[in-house]
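The following questions and answers are meant to be read beside the sequence and the structure.

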Amino acid sequence: MSEKKKTVIRVEDLYKIYRVGESKVRALNGVSFTIEKGEFCAIVGTSGSGKSTLLNMLAGLEKPTKGQIVIAGEHMERKNENQLVKFRREHIGFIFQSFNLLPTMNALENIAMPLTFQGMDKETRLKKAEEVLALVGLTKHKNHKPTQMSGGQQQRVGIARALVVQPEIIFADEPTGNLDSKTSAEVMNLMKKVIKEKNQTLVMVTHDDHLASFADRIFRISDGKIVSIEYGSESGVDHIDTK
Amino acid sequence: MKFRDMLRMSGSSLWKRKVRTILTVLGVVIGTASIVVMISLGLGLSRASLAEIEQYGGITTITVEDQGSGGYMEEESSDSQAEDKHLNDDVIEEIRNIPHVEDVYGVLETEALAMCGGFQTYVSVRGVEPEKMDKLGITLAQGSFPEPDAGYLQAVYGNMIIGDFYNEKTGEGYWYNGELPDIDLMNDSIIFVFDMDSYYNFIWGGGESEDGSAPVMPKKRIIEAAGIMEGTVEDYGSNSYYVYFDINELKKILKKEYKNKAIPGQPTTSSGKPFKEIYYSSIMVNVDDMDYVQEVQNQITQLGYHASSNAEWVQSMQGQYFYIELALGGIGAVSLIVAAIGIANTMMMSIYERTKEIGIMKVLGCDMRNIQGMFLMEAGYIGFIGGALGILLSYTISFTINTVIKNLDLGMEMNMAVGISYIPLWLAGLALVFAVFVGMAAGFFPSLRAMKLSPLAAIRNE
Ligand SMILES: Nc1ncnc2c1ncn2[C@@H]1O[C@H](COP(=O)(O)OP(=O)(O)OP(=O)(O)O)[C@@H](O)[C@H]1O
Ligand SMILES: [Mg+2]
């Protein structure tokens, strides 16, 4: 790892408190960390520990109750919804657990969709989509609708869709949650390979320790707090406990 | 996001839900058609009565009459002015300078006796420049307009003239016994006598003419026909009772015929003497647009002339028909309102179904305005397609109504030849714009809702 590391994500004292009737649910209870450019981080924890809540707030899909999120130098908590959408369009790729491809579009069109939102003309965006489709190895399936593809293939399309805008940061919430373990490993390797090539930052939520071990760093989260930050088994064995 | 891409995406999501789209469009088709057909009935009635007014002297024409010639004018007040306010070319130039005046020309009116093979009649004679004749609304059934500067008189006969001839001996004519006299105005030689006073003095009086000299038989002129106006002997039009001549030729003849005597229809000095100049009996003013007729008429009146037109008639009639159109359109609008509710309902359902899709688009960075825009466009599409088909349907219905009514031959007094239902292009255009507007208005709140949907919906649950 090189000396000159650039911080792309800085989270400071982040709280998210849901009110359900009279009671309060502390989904996030004071979280602080930084992620550097080019890092592959995994967020692991048991169900209900607040992983998704954290990721959604990083991606600007939810507003924090308290605290700061600075991504690429910009304060996410100060943006309104319009600005958040614009920020996502320009800086962020998102991979869903349930793929979330549009059923009426074929693979190529699905991948090109974020470029449409950027106002790119049809020819250029289809060309770019085709490049990314080749990268995930699905050129043969470019005219297939989501229903005509397996889960693994669909998720590769989903990854291609996140990659096509060449975002600085990619968020993925249990990207392999709907896939078997062998396919999951393939998908993980693919994601890792691609982001390392382009020096992109990937933040992935999972509850599977094995999948988390693909990451450079693993944030272990429990009851809305980060309990430990570990280095992934493939990149080191250091284990750091937090307070 | 590019406008074209938005159009394509919203178009394709309509296409995806074909049946529902078609049903919603159908509502708009019916709504649009009912408004358009209803208004077309009002417009058709209005147009029919405009056509009727057209027969009574035109909609955009103002007639300026000589102050003296109208016997109904209050003598004292006009007397002082009457002297110098007679209508000549100076007046024409004066009027020509008024804005919106398209054309001005003088008409000379007098009378004559026409005779042919034992039949005769008094006729009102008018002189205008031949090239202005069609501006007076004259259409010919036979022949042509007189050639300018022919050097002799060529007559254009009104279509009702033939019915006025009566038998010299029995006094019977068409209006008496229903038989048209056996005269071919185009080819028989018709004899005209202009100075009727002298003629009758000669025939009956044998007495003395005004200056005491013995009566002289005025010249009998055989006059060639140039044309006959369109219409049967019973079709009234503002020109049907006149014989038209080239004004220049007519002036020459009148000057010769009357020498120093007063020409019938011409103004005289306060002492009853004729003027040197032959004045116009009236001046016709063509205004470029119906809307300016009243304005121009007022200006002419301010110049000190007596002007009249159908403007007031037209205005009050149009006012009436405007309310009729409004009422009919309002009735038709009810079904478009129902259609609008249908659109809103369809859009709401579509948003519920697409909550996830909208969420995904938001997560992937689709601008909120674009999301709203796409939904508005979908609603607009429904309005547009429904409107366009509705207009087609309206034309079909309108055509059917007109055909049926024509065949029924209700014998209404109004001129139904043009049809009772009339859809002008502007109505079709307006209906289309309105349908799109209604569609988008109905889609507005749903689109706002779509825009505000939380993107989390896309991520949560299956
Ligand atoms: N909209 C909400 N309203 C109320 N409570 C919520 C809401 N969203 C999440 N929570 C609560 O916040 C806590 C964290 O939820 P979160 O979805 O982040 O869990 P997670 O770690 O992603 O779990 P899983 O692994 O099952 O996806 C949970 O206790 C959940 O009940
Ligand atoms: Mg979760």
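**Salt bridges, patches and backbone**

At 32% relative accessibility, Lys16(B) counts as partly exposed. The model that contains this residue is predicted.

Q: Which residue forms a salt bridge with Lys16(B)?
A: A salt bridge requires a side-chain nitrogen of Lys or Arg within 4 Å of a carboxyl oxygen of Asp or Glu. For Lys16(B), the closest N and O atoms of the pair are 3.9 Å apart. The partner is Glu357(B).

Q: How many residues apart in sequence are the parts tied together by Lys16(B) and Glu357(B)?
A: The salt bridge joins Lys16(B) to Glu357(B). Lys16(B) lies in helix α1 (residues 3-16) of chain B and Glu357(B) in helix α10 (residues 355-363) of chain B, so the parts that the pair ties together are separated in sequence by 341 residues.

Q: Is Glu357(B) buried or exposed?
A: The term buried applies under 20% relative accessible area. Glu357(B) has a relative accessible area of 16%, and therefore it is classed as buried.

Q: What is the distance between N and O in the salt bridge of Glu74(A) and Lys79(A)?
A: Glu74(A) is partly exposed, at 29% relative accessibility. Lys79(A) is buried, with a relative accessible area of 12%. Their side chains meet in a salt bridge with an N to O distance of 2.5 Å.

Q: Which helix holds both Lys182(A) and Glu186(A)?
A: These two residues form a salt bridge, and their closest N and O atoms are 3.4 Å apart. Lys182(A) counts as exposed at 61% relative accessibility, while Glu186(A) counts as partly exposed at 42%. They stand four residues apart, about one turn of the helix, and both belong to helix α6 (residues 181-198) of chain A.

Q: How many salt bridges does the structure hold over all chains?
A: Some charged residues are linked in a network of salt bridges, namely Glu93(B), Arg96(B), Asp103(B), Lys132(B) and Lys135(B). Over all chains, the number of salt bridges is 25.

Q: Where does Glu94(B), a member of a negative surface patch, lie?
A: The negative patch is formed by Asp89(B), Asp90(B), Glu94(B), Glu129(B), Glu131(B) and Glu277(B). Glu94(B) is partly exposed, with 32% relative accessibility. Its place is helix α4 (residues 89-96) of chain B.

Q: Which strand contains Lys225(A), a member of a positive surface patch?
A: The positive patch consists of Arg19(A), Lys24(A), Arg26(A), Lys66(A) and Lys225(A). Lys225(A) has a relative accessible area of 42% and is partly exposed. The strand in question is β10 (residues 225-231) of chain A.

Q: What value is phi of Asp13(A) near?
A: Asp13(A) lies in strand β1 (residues 7-20) of chain A and is partly exposed, with a relative accessible area of 35%. Its phi is positive, in a residue other than glycine, and lies near 55°.

Q: What value is phi of Asp149(B) near?
A: Asp149(B) lies in the loop between β4 (140-143) and β5 (154-157) of chain B. At 59% relative accessibility, Asp149(B) counts as exposed. Phi of this residue is likewise positive, and its value is near 50°.

Q: What distance separates the C-alpha atoms of Gly118(B) and Ile278(B)?
A: Gly118(B) belongs to the loop between β2 (101-116) and β3 (119-128) of chain B, and is partly exposed at 35% relative accessibility. Along the chain, Gly118(B) and Ile278(B) are 160 residues apart. Their C-alpha atoms are separated by 33 Å.

Q: How far apart do the C-alpha centres of domain 1 and domain 2 of chain B lie?
A: The domain assignment of chain B gives domain 1 as 3-54 + 316-460. Domain 2 is given as 61-309. The C-alpha centres of these two domains of chain B lie apart by 55 Å.

Technical notes:
Residues are numbered from 1 along each chain as its sequence is written. Chains are lettered from A and ligands numbered from 1 in the order in which they are written. This is a predicted model: local features need pLDDT of at least 70, side-chain atom pairs count only at pLDDT 80 or more; totals for chains, interfaces and linings use all residues. Side-chain values use heavy atoms; hydrogens and water are left out. Patches are made of residues with over 30% relative accessible area and no salt bridge: like charges are joined within 9 Å, nonpolar side chains (Val, Leu, Ile, Met, Phe, Trp, Tyr) within 5 Å. Accessible areas come from the Shrake-Rupley method with a 1.4 Å probe; for residues, only the protein chains shown count as cover. Lys and Arg count as positive and Asp and Glu as negative; His and the chain ends are not counted. The place of a charge is taken as NZ of Lys, CZ of Arg, CG of Asp or CD of Glu. Helices (H or I, at least four residues) and strands (E, at least two) are DSSP runs, numbered from the N terminus. Buried means under 20% relative accessible area, exposed over 50%, partly exposed in between (1.4 Å probe, protein chains only). Domain bounds come from an automatic or database domain assignment.
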